[in-house]
Every structure is written in C-alpha cells, then in structure tokens.
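Subject: Structure for your review

Dear colleague,

Please find the structure below, together with a summary of what was found in it. I would be grateful if you would read the two side by side.

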Amino acid sequence: MFDSLKIENFRGFRSFELSKLGKINLLVGANNSGKSSILEAIHLICAKNNISHLLEILDYRSEFSWIEDPDFRQISLDRSIKTMTKECIVSHLFYGHTLECNKSFSITGFRKKNKDVLTVSLREHNIDESTAELNYKKRKSFSNIGDIDLIFKWDGEKNIPLPLSINGGIFPQDIPREFLVYGRSEIKNQFVNPGGTGVDKLIEIFNEINLTPRENIVLDALKIIDPNIERIAPVTNFYGGKRGGFKLLLSGYQEPIPIGSMGDGIWRMLTIALAMVNCQGGIVLLDEIDSGLHFTTMLKMWELIWETAKKLTIQVFATTHNNDCLLSLADFINCGIIDLDEGKDSITLHRIESDKPKSIFLNAKEISIAAQRGIEVR
C-alpha cells in the first residue's frame, strides 16, 4: 500500500505530492485539475516493464493518430489498397506537451519499507541500444525514425528504449512482446475508467472467481442495484457488444435476462466488483466511481468497497465530481462500521488543485464534519 506519491513533470503537474494515503482515497477537484492523471500515474508505476499499461492510457484518451502503412502495400497484390496503422503520441505525457532531448517525468510511490520509482526520459536516438530497433528496421514505413528515444526506467530494472517516429509517436505492433505482457505487474492493479472495462476482460476475471467465495462479492454488488438478482453467469461464445457477455437470473423469472437489458448501474457495479475481486493485495483505481449510479445506491456501494478492500487487502483510489457521492461516503463513515478514532486515516479525501504542489487533505472524521456543516470540499 502506498503511503504517499510524488509526481514530477507528468501531464499537468510540474511537481505534486499526495501524502497521508489510506485504504480508501477519494480524489476531488475541478475539471482538468489532474485527478485522472494521478490514477494514471499510479497505474504506470505499478506496471514494472509492462508498456501495455501506457498503451491503455493513450488509447482511452485518444492520444493517437492513424497513418497509412506502406508496408501493407508491399505485400498486397492490390497496391491500391490502403491500410492505416495506429501511432500513439507520447508528447502529452510530458509537462508542457512537448518532446525535447533530456526532458523527463518521474513518478515515485512511497511504501513503509521501500519506494517504487518510474522515470521516463527523452534522449538522442541510439541505434545500437534501442530495444525495438530490429522491429522498426523490418518495416519500410518506419525508415525515417526520429532523433529521439523514449526511455522507460523502473527502479531496479533495465532501461527500455523505444525509438520515436518523426511524428513523436510509438507503434504498438513494433514494441517487443516481452514488454507487452497484459496483466503482468509488480503491484497488482486494476484501472476502471468511466466507460468501464472491456467485456472480454470482465468475462476472463469472472471465470477466474467462478464458484469461489469471491463470486458472492460480485453478486452482493449487483443486489445493491436490484435485490431480485439471484445468479449471474457468463454467456458462452459471446461475440461483440459493449454491455453484454453476462446473463442474470431474477426471482420470478423463468428465463435469464441479458445484463445489457438492466441499465447502466448494474454494469457499473459489475465492473467495480470484478476489478476488486481480481486485485487481492493490490490497488484498484476507479475514475468517476459514481458514473451511472443513482445516489440512493452509493451508501451501500461504499460499504461494499470498504468490506472488500479490508477482506482482500486492497488500496482504493477513486475520483468524483458528485456531491451525492461525497455525502454518501460521509454517511458511511457515520454509520459506525469504522472507528473514527482508531481508523480515522483509513478513509481519506484529497482535494486536487492544479496550481498547488500538494493536495488538501481530510481524514474520515474531518469528512464527516465537513458534510454535517455543509462545507464544500469539492
């Protein structure tokens, strides 16, 4: 579990510290203050030589462009066919949105006995050192490699140099497979963005916890939205669709119902619950945690997150703009499940302001007092 986090020159942060972290940490603040960037920073530092985490972030933010791939024309019988390939643009990861030699950003996570450090730097292209150079050489389309390498360095690990294109991008298909091991990380973590997680990934997670006590956690989460849900099962041979892959059995119904028929709240709770049960001993990152949820469900949502985090030793980071979400967290704090004196730092709130080097911190007792007095902390 991280006790504090330091970010330098990443996204919109020149220098920023997040300290006094607890088991559950709610990040609030105005639009574009950097809440999601903090979740991304944690996701990256947990990766440990897994570049796929970076590609997920760039893909979700649409930080890529499509360019014509001339290599396909070389192998195609019909030379008139155009095939586009994705180029991921990395300049927006750096403070100031520019790529310059010797520029870098760093993310440091402090734990009780050690610290984890990720440094990503830009330096002059070295043809002998670049890990992906042979992959690029195979493709005529990348003969004009730029003059800068993107260097990843996780603490205690070797450098991972990736040559940038002349447009300042990287091409996912040319990154060595050893650095694209999805799901592999030093610190197990799950990132859930407002749009949720892909259906295939959710089915994979569910199959891992099927017929185990953790399946009951998922079912309890869905019952927060609809108490009539009795069972959930994955759909075999599922093809396509953004909200499918599962069917639900409800009391009073003889036939199962597709989960897509049940609304946004069911899908959001399924995504949150599966992220948590698949992350024992790790970190769960929930961007806009309340997305798709009605305020009447949020108290039970916080109770489920707290109990699951405690049972599976999970640290949770979540963001919100929603005052109902914040008030429901205060209601949960006041319901007596946690001891406000002994566990006051187990639940924390951090207000992020883009022009301040540190967050404004409230512990559980202060969150409760702020809600009772109607103090705006968002």
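What percentage of the 378 residues in the chain is buried? Buried residues make up 50% of them. Please note that this is a predicted model, and that every value below was computed from it.

Overall architecture

The chain has ten helices and 18 strands. Of the contacts between residues at least 6 apart in sequence, 66% join residues at least 24 apart.

Helix H5 spans residues 199–209, and its buried residues are Val199, Leu202, Ile203, Ile205, Phe206 and Ile209. These residues lie on the same side of H5, because they cover an arc of only 165° around the axis. Just after H5, leucine 211 takes a positive phi of about 65°.

A positive phi also follows helix H2 (residues 52–60). There the residue is serine 62, with a phi near 60°. Within H2 itself, Ser52, His53, Leu54, Leu55, Ile57 and Leu58 are buried.

Two packed helices are described by the angle between their axes and the distance between the axes. For H6 and H7, the angle is about 155° and the axes are 9 Å apart. Angles over 145 degrees count as roughly antiparallel, and H6 and H7 are therefore roughly antiparallel to each other. Their crossing is right-handed. On the H6 side, the residues in contact are Arg214, Ile217, Val218, Ala221, Leu222, Ile224 and Ile225; they meet Gly265, Ile266, Met269, Leu270, Ala273, Leu274 and Val277 in H7.

H7 also packs with helix H8 (residues 298–312): the two axes come within 10 Å and cross at roughly 15°. That crossing angle makes H7 roughly parallel to H8. Here too the crossing is right-handed. The H7 residues Met269, Ile272, Met276 and Val277 meet Met301, Leu304, Ile305, Thr308, Ala309 and Leu312 in H8.

Alanine 318

Alanine 318 has its place in strand S16 (residues 315–319). Is this residue buried or exposed? Alanine 318 is buried, because its relative accessible area is 1%. Leaving aside residues up to four places away in sequence, alanine 318 touches Asn25, Leu26, Leu27, Leu286 and Ile289. Its C-alpha atom is separated by 9.3 Å from that of aspartate 290, which is 28 residues away along the chain.

Cysteines

The structure holds zero disulfides. Cysteine 88 counts as buried, because its relative accessibility is 2%. Cysteine 335, by contrast, is partly exposed, with a relative accessible area of 42%. Cysteine 335 is found in the loop between helix H9 (323–334) and strand S17 (347–351). The C-alpha atoms of cysteine 335 and glutamate 303 are separated by 9.8 Å, and the two residues are 32 apart along the chain.

Yours sincerely

Methods: Residues are numbered from 1 along each chain as its sequence is written. This is a predicted model: local features need pLDDT of at least 70, side-chain atom pairs count only at pLDDT 80 or more; totals for chains, interfaces and linings use all residues. Side-chain values use heavy atoms; hydrogens and water are left out. A disulfide is a pair of cysteine sulfur atoms within 2.5 Å. Buried means under 20% relative accessible area, exposed over 50%, partly exposed in between (1.4 Å probe, protein chains only). Helices (H or I, at least four residues) and strands (E, at least two) are DSSP runs, numbered from the N terminus. The arc is that of the directions from the helix axis to the C-beta atoms. Axes are lines fitted to C-alpha atoms, for helices over the stretch in contact, and angles run from 0 to 180 degrees between N-to-C directions. Angles under 35 degrees count as roughly parallel, over 145 as roughly antiparallel, 65 to 115 as roughly perpendicular and the rest as oblique. A crossing is left-handed if the near helix is turned anticlockwise from the far one by less than a right angle, and right-handed if clockwise. Contact means heavy atoms within 4.5 Å.
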